[in-house]
Amino acid sequence: MIRVLRYESGSSSPTEIDVDRAVLGARNTLLWFDCDDPGSDDLDDLGRRLGVNEFVLEDLRTSGQRTKLDHYSDHFHVAVHDCEVHGEDLTTREIDVVFGEGWLLSVQQPAEASTTGDFPMDAVRQRFEAQCVQHDAADVNLLLWSLLDVVVDRYFVVTDSVDDRLDAVEAVVLDDAGDEDVSLRRRRPRQLFDLSKTIVEFRRNAMPLREVVAAVLRRESGTVSDIALVHFQDLSDHVLRVSELIEAQRDVLTNLRDAELAVVSNRMNRSMQQLAAWGAILIVSTLITGILGMNFRNAPELDWGEGFLLVGGIMVVTSVPLFVYFRRKRWL
Amino acid sequence: MIRVLRYESGSSSPTEIDVDRAVLGARNTLLWFDCDDPGSDDLDDLGRRLGVNEFVLEDLRTSGQRTKLDHYSDHFHVAVHDCEVHGEDLTTREIDVVFGEGWLLSVQQPAEASTTGDFPMDAVRQRFEAQCVQHDAADVNLLLWSLLDVVVDRYFVVTDSVDDRLDAVEAVVLDDAGDEDVSLRRRRPRQLFDLSKTIVEFRRNAMPLREVVAAVLRRESGTVSDIALVHFQDLSDHVLRVSELIEAQRDVLTNLRDAELAVVSNRMNRSMQQLAAWGAILIVSTLITGILGMNFRNAPELDWGEGFLLVGGIMVVTSVPLFVYFRRKRWL
Amino acid sequence: MIRVLRYESGSSSPTEIDVDRAVLGARNTLLWFDCDDPGSDDLDDLGRRLGVNEFVLEDLRTSGQRTKLDHYSDHFHVAVHDCEVHGEDLTTREIDVVFGEGWLLSVQQPAEASTTGDFPMDAVRQRFEAQCVQHDAADVNLLLWSLLDVVVDRYFVVTDSVDDRLDAVEAVVLDDAGDEDVSLRRRRPRQLFDLSKTIVEFRRNAMPLREVVAAVLRRESGTVSDIALVHFQDLSDHVLRVSELIEAQRDVLTNLRDAELAVVSNRMNRSMQQLAAWGAILIVSTLITGILGMNFRNAPELDWGEGFLLVGGIMVVTSVPLFVYFRRKRWL
Amino acid sequence: MIRVLRYESGSSSPTEIDVDRAVLGARNTLLWFDCDDPGSDDLDDLGRRLGVNEFVLEDLRTSGQRTKLDHYSDHFHVAVHDCEVHGEDLTTREIDVVFGEGWLLSVQQPAEASTTGDFPMDAVRQRFEAQCVQHDAADVNLLLWSLLDVVVDRYFVVTDSVDDRLDAVEAVVLDDAGDEDVSLRRRRPRQLFDLSKTIVEFRRNAMPLREVVAAVLRRESGTVSDIALVHFQDLSDHVLRVSELIEAQRDVLTNLRDAELAVVSNRMNRSMQQLAAWGAILIVSTLITGILGMNFRNAPELDWGEGFLLVGGIMVVTSVPLFVYFRRKRWL
Amino acid sequence: MIRVLRYESGSSSPTEIDVDRAVLGARNTLLWFDCDDPGSDDLDDLGRRLGVNEFVLEDLRTSGQRTKLDHYSDHFHVAVHDCEVHGEDLTTREIDVVFGEGWLLSVQQPAEASTTGDFPMDAVRQRFEAQCVQHDAADVNLLLWSLLDVVVDRYFVVTDSVDDRLDAVEAVVLDDAGDEDVSLRRRRPRQLFDLSKTIVEFRRNAMPLREVVAAVLRRESGTVSDIALVHFQDLSDHVLRVSELIEAQRDVLTNLRDAELAVVSNRMNRSMQQLAAWGAILIVSTLITGILGMNFRNAPELDWGEGFLLVGGIMVVTSVPLFVYFRRKRWL
């Protein structure tokens, strides 16, 4: 379905019109075509009426574009990727935007996973209309900004979620009290790997947006009004902040993985020391039983009672100091 | 063998002509020489007739060029590498393209491995002729685009195959249920190494194509028509996407290798804990048999029946709690 | 609360005035608005009177800006992050500076952690007034410099603290005398991780300041007097020095972590050698007791006295050389 | 000894003349001074007659220059490093080239190791004369090209040798059949380290040649004829290919080292599992002998014959299933 | 103390004069002020007379500058760091140079460690005077060059020392004959870490000199005579060579550390195999003693003599083949 909204400078709210009745080229008017069904023939027809390049039309039909800003004779193609976190998975959804003088066509590609919610196009509309009222202008670049700004705001949700997961894993990795559940510990490599995968995937989708916004700031996307420029400068700050956060998270994850290795090594070392300490403590007792089990002729004729006490005493006397010794060295 | 196709603007399909009858310099005509036998003398003769530089002629005879765009007085030399995956191996095949005003010579070098199939030159022809019809122009740059586009489409097949292998290895590495076949596990370092080798090799062949396409976009390869420019812009997006995918795969592989190390460490730790736990459980029983094996005079005159029951009972009483204890700590 | 100071060229000390009475645009006069309560309505009112852009006003209300220099029509927005170390934690506080011809508005955002002390705005004032007196000019860029200079001086405190912690951890990691407390050793992964986190966080906040200062030096922040330029050049040297120190500390930390891994491996190796050595020494004695415990008919009729001595002698004769041997190899 | 060759345009072969009789400045004449004895006074004299800068003269006397192109008033100094592999060692030899309008002085420094063969200056001469004949010009840049081309061709020999060693080590590392000789395995860290050292050394010598050739292509080395430019473009392709190969080899080596670590970890894990499995199998039998060794009064009066059979039977019955179990888990 | 030397063009040796009598601005005269006592008031006075900027004066008083070239109205400030190796420690000493038309002020800051010798200012003087004589000009840039050249020559001493230490550690790490002293091995992590610290520190001090020399070559330090330019070009080559050496040493160190890890893993593996092999050999004998220690009624009535021989024989027959087997597998 394609929803068409017509904005006019001076009027505070848009008129919703039919696709077929949309007339291009009217002055001070902005037509926003929003399509959430990229496979339809309607989109093809509309694209041709708008004079959209064949390559772009083909790109609109399916997802699979990288984040980019492409320039065609009189229109531009921006592809961005909306990111959402569901549990431990990052799902992305491509959004294609084609725009020219006085019109903008946004196409939401289907999300990778069926669990992903809809992209909040209403939030984009709200943000844009607030700007329209304030600046009394239905500027196509402001509409593009509204959309990208919503996308970037959602990136911050992703970085927050990654931060939470990093904190959770860090708590498990480093709080090595020893009473921790072993099965938890065994799940840690998977957790760390899933996190790293989320970050790699997120980075691949979010990072190139820097270049898109920078291109708009360099006015490579046609004439950009001063008001829109200020908006894009603010957006650029946000995008750069997301980039810096991702890079920092990558670093933290790397450090966490190194810490995990060190913790595992320490723990293995400890197991081995416990093994060694107990072995040392018991070896003496074993030796004694062995000696007294030997078949001598004139054995010292020990009574069971005294003998047992004596042997037990020797065992205690040799074991306890060793135990205390290892306890002090904290091997036990 | 050299196949020659003559395209004329306005005509929808090419004429296949003989090499010797090919006349250069006709207006609105494009001659495509396609050679799949780089060692032949025919190629040398043709190259000289086309005025191809001596260095290029030498390069055409054997493979061994890096991916590049070289500029000679009135013609250009593009070398690309077609990549294919066979099982776990990546095989590459160099394709040399020399082109000038009104003609293009494509030379397929023999593939590295004999198992590699032919390069689908027919797909190139189909793609080019579709464009010819649409834009009514037999543009040499469009022919170059068709060829590179087919090459890049095949790169996506490689990245898909790498993705599948990454997923397969990931499943084995992280699904550490413990009932896994040990011989499988021992093959994992080789699998990871083979994957990394594929990625290194693929990267070395695919990455430089970015610069070739960028050079065309900067019009370093002579005059490029606007139509061709749009095609190359689209191609550039594809090449950049391949690059981003490769980089992401490299990152995932690195993370996977770290996960593998952590999993192996954990498993070793676990083996050691099992060893220690069983040792602790059995040491008590061993000590008891040792004590009762000692030769005392007035031993407590235990009956075999009762004695055995008693000793067995003590063994169970000391072992079971230990077993339960280690079970709870999940050491067993 | 907003404190307003009016500096006039020629006068050595400022006049503190009321916000509402502050008049902009007077020649040779500099108004410094210092606000430590970013949520107040007063700040909004003031911002509007100063003609500050809406985006900047919104940014001033809450923290969350990256370190940056933004350019608006007739004013500039600089965001920096003051860093402090408390124990093992790095806390940061964002300081926003908006300035135009003849006025500067500094807004201290609340610190991340409540334990953080106030930002020493008085030191800024002192530094600025010293410069005012010396150069007899109330230059807004000199005020900006004073603030940034104080921030950067405090960065050096952070790098010093990181250096101290690096030295402390290094001493523990490498001084592996063996009598070291095991619980200390077990805390080391956390120490290393905490250090790495501090460095990542500090780097993310401090590094972008380089670009801000470089932008001022390229005179992107309006007209900068020659006197101010010299100040910013000096500041730039300091910022670069901080950057170099952070990078060096990152390297040292990485090396330290590698050293830690090697030390742990060596120690584990040693534990295993001790285990093996003791096992070898005792195995002979165990074997002897086993042999003499066997039930033969015509056993050599050894007397307990002689027998025990003999057996003990054999044990000593076989164990001592082994002990000496392992001692020499330094396994024990 | 200094060999002097005089090339004249139009003449196919050079005249060998005496150093003292060499006259500079003749039109269409190229003088090639080739010196293989850098310490001699003759070289000093010649350098002064050629007007070579004092610094260059000093550089010529001993080796120790980095690969570079330096520009002096009317002459240029190029230093390159010829690389050769002997067994596992990379030896390098510096070759200094000073050239101006109509003359070129090549100085071969002594090789680092005495086992290194001579640099094939005759191959350079052959390559140059072939070009002279073809283009009928004794161009100094063509002579420089000939020399660099021979050097780069020899680089390919080095990369081939590194490839062979990588393949050999890879086969040993990953072909972990278990029947491999332990002493071989113990030599692997050294092999990997030697390879890495070769690559580091080779990279340091070969990589900067890219910049030298790029500088010639940017015509920073005086006027370069079109013919020479095409030659240097071809050379540039070769140098870039060497660079790409080295980088790929570095990556493969890194991956190989990671694979080695994983293989070693797996093997250690396996040793531990074997240890644990055998221990588990034998512990039962040990326990039985212990129990039956106890001194009870009314022991079950087992006959030796039956008893031994019974006990042996129990041992087999308890051991074989365990053995089969571990065999199936592939621990044994 | 401040030593003042006055050089005049045409005169071969300088006149040593008193600070107070030094007159600036004389044509063809160069005044060199050399101060080794940066805290003194004399330096302040001199600085003011020379018109040195306040910031620079402050910088001269204490060390703590990064390597840099700063430009002030009519003079320049260069800070470099002289490096020296004492045992395993790298000590650095900052040298500040301020120079303008006709004068140069060099200030030696105190070295970090008291064991550091003096900076050889006499070598600088010698080098400069040799150049003065040769070019008959007392050029301030030549004096700067002399100083930097001495500093860089001393850098080569440091890289040589690092090379020696790398070789020494390499010999210990890789010459794993097994008879090596264990305490030596335990010191290796510290040696590797100390080396890495030296390299990090050296790199931080030496690397930025590249930019300083490059700035001089771009004539950013005022007018530089052609003669001086050639000198700085030579210096630039030396600095780049130092950089390349440091980078190569970093790579070698990383590789060495990886080799160390592999060696340690291998050795641990070997210890475990020895343990396992001895265990396997002895377990059979232990089992035999256990069996024959059991209390059966009609035991086979073995004589001690024969019995012992028989049992011993069985033990040998079962142990020797196992020993030979493990010996062949090189586990023992």
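This passage describes how the chains of a predicted model are arranged and how they touch one another.

In this predicted model, local features are reported only at pLDDT of at least 70 and side-chain atom pairs only at pLDDT 80 or more, while totals for chains, interfaces and linings use all residues. Residues are numbered from 1 along each chain as its sequence is written, chains are lettered from A and ligands numbered from 1 in the order in which they are written, and side-chain values use heavy atoms, with hydrogens and water left out.

Two copies of a chain are related by a rotation about an axis and a shift along it.

The interface of chain E and chain D comes next. It brings 48 residues of chain E into contact with 53 residues of chain D. Together the two chains bury about 4,700 Å², with 61% of it on carbon and sulfur atoms; buried area is the accessible area (1.4 Å probe) that two parts lose on being put together, summed over both. There are 5 salt bridges across this interface, a salt bridge being a side-chain nitrogen of Lys or Arg within 4 Å of a carboxyl oxygen of Asp or Glu. One of them joins the side chains of E:Asp237 and D:Lys68, at 2.6 Å from N to O. On the side of chain E that touches chain D, H4 and helix H7 (226-292) each supply at least two residues, and H7(E) gives the most, with 31 residues. Helices (H or I, at least four residues) and strands (E, at least two) are DSSP runs, numbered from the N terminus.

D:Arg257 sits in helix H7 of chain D and, at 12% relative accessibility, counts as buried. The cut-offs are under 20% relative accessible area for buried and over 50% for exposed, with partly exposed in between (1.4 Å probe, protein chains only). The side chain of D:Arg257 makes a polar contact of 3.0 Å with the side chain of E:Asp258. Leaving aside residues up to four places away in sequence, D:Arg257 touches D:Leu192, D:Ser196, E:Asn255 and E:Asp258.

Chain E also meets chain C. Here 53 residues of chain E are in contact with 48 residues of chain C, and the two chains bury about 4,700 Å² between them, 61% of it on carbon and sulfur atoms. Across this interface there are 6 salt bridges, including the one between E:Arg66 and C:Glu244, whose closest N and O atoms are 2.8 Å apart. The largest share of the side of chain E that touches chain C comes from H7(E), with 17 residues. By contrast, no contact joins chain B and chain E, whose closest C-alpha atoms lie 9 Å apart.

Helix H4 of chain E deserves a word of its own. It runs over residues 140-174, has 35 residues and reaches 51 Å from its first C-alpha to its last, close to the 51 Å expected; the expected span is 1.5 Å times one less than the number of residues. Because 26 of the 35 residues of H4(E) are buried, this helix is largely enclosed by the rest of the structure. Its N-terminal end is capped by E:Asp139, with a side-chain oxygen 2.9 Å from the backbone nitrogen of E:Asn141.

Finally, there is a point of backbone geometry. Most residues other than glycine have a negative phi. C:Arg219, however, has a positive phi near 55°, and D:Arg219 has one near 60°. C:Arg219 lies in the loop between helix H6 (209-217) and helix H7 (226-292) of chain C and is partly exposed, at 41% relative accessibility.

How values were computed. Polar contact = N/O pair within 3.5 Å; in protein donor to acceptor, adjacent residues only side chain to side chain. Contact = heavy atoms within 4.5 Å.
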